[in-house]
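Please look over the sequence and the model shown here before reading on. The briefing that follows is grouped by topic.

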Amino acid sequence: MATNKSKKVNFTEFLKNVFFPKFCFGCGRVGTYLCPECTSKLQIIDRDICAICEKASYFGLTHNNCKKRYSIDGLKSFFVYEGLAKKIITKIKYQLVSESIDDLVATINIESFKKITDFCNLFPGVILIPVPLHEKRKAMRGFNQSEYIFSIIAQKLGIEIKNNLVMRTKHTDPQAHMKSPRARMENVKGAFEISENVKDRSFIICDDVWTTGSTIKEITLLLKQNGAKKVCALTIARVYV
Ligand SMILES: [Zn+2]
Ligand SMILES: [Zn+2]
């Protein structure tokens, strides 16, 4: 029976490859969304920074003298946001190829996961929160890429994830259209609401890219104003500074 089943699966795979062939996002080679050669070109972040001053910081924790009452407590990212990583993330954002996300997560090595696990362990009972899309945008795209990516990562880390704890109630223009960090900040101001009590709980807000961090900082402010204990960020990629 098992043999028959695997034969059937292989045949389905075969048909899929014939009608929906995979092409490497990096070099266009057929057969995979990320070929081993391109995977080896993805730059892993080797230097953590403080989310406020963007200077080097141990473990990505916010410097004590950079902290204010409602500041973010830390930031971790997997890859440098340029070249191939940028290309992959842009593709994933606008076309759901769930297998391509699986392939991307598969490129994250064990050491990177170990670092993230150690980071999460600093905040007992921490819950992952993917940055929400407004319902309108979600309906337009058909999915929220951060929810999808981080549901796989949460499973790997063994950490709880909640998609609806933070909701985007204001329909805003895409952050990429904003010219300055100030405009990005203004654009997301008051754009979110929470759906449950967050007092004394800790959270890690997850997104695909950290650019200026304005969206994540706005959610941090909301959570902390409502009594959250610690709030950090985890992103797939970060602009390298
Ligand atoms: Zn390739
Ligand atoms: Zn700092």
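This is a predicted model: local features need pLDDT of at least 70, side-chain atom pairs count only at pLDDT 80 or more; totals for chains, interfaces and linings use all residues.

**The α4/α7 pair**

- On the α4 side the contact is made by Ser98, Ile101, Asp102 and Val105, while α7 contributes Tyr148, Ile149, Ile152 and Ile153.

**The sheet**

- Four strands form an open sheet in the order β1-β6-β5-β2, and their pairing is parallel.
- Strands β1 (74-80) and β2 (127-130) are at the edges with a single partner strand each, so one side of each has no neighbour in the sheet.
- From one strand to the next, the twist averages 25°.
- Strand β2 runs parallel to β5 (residues 203-210), to which it is joined by four bridges, and Ile129 has Ile205 in β5 as its bridge partner.

**Helices packed on the sheet**

- Helix α5 (residues 110-121) packs on the sheet, where it touches β1, β5 and β6 (231-238), and the direction of α5 makes about 170° with that of β1.
- Helix α9 (residues 214-225) also packs on the sheet, touching β5 and β6, and its direction makes about 165° with that of β5.
- By the cut-off of over 145 degrees, the angle of α5 with β1 and the angle of α9 with β5 both count as roughly antiparallel.

**The annotated region and Phe11**

- An unreviewed UniProt entry carries the annotation "domain: Double zinc ribbon" for residues 17-57.
- Over residues 17-57 the chain of the model is 17% helix and 0% strand, with the end C-alpha atoms 45 Å apart.
- Phe11 is located in helix α1 (residues 2-19), and Phe11 counts as exposed because it has 10 C-beta neighbours inside 10 Å, where the cut-off for exposed is 12 or fewer.
- Between Phe11 and Lys179 there are 168 residues of separation in sequence and 50 Å in space, taken from C-alpha to C-alpha.

Note on methods:
Residues are numbered from 1 along each chain as its sequence is written. Chains are lettered from A and ligands numbered from 1 in the order in which they are written. Two strands pair if DSSP finds at least two bridges between them. Helices (H or I, at least four residues) and strands (E, at least two) are DSSP runs, numbered from the N terminus. Axes are lines fitted to C-alpha atoms, for helices over the stretch in contact, and angles run from 0 to 180 degrees between N-to-C directions. Two residues are in contact if their C-beta atoms, placed from the backbone, lie within 7 Å. UniProt positions are given in the numbering used here, feature names are shortened, and annotations may be inferred rather than shown by experiment. A residue is buried if 20 or more other C-beta atoms lie within 10 Å of its own, exposed if 12 or fewer, and partly exposed in between; C-beta atoms are placed from the backbone.
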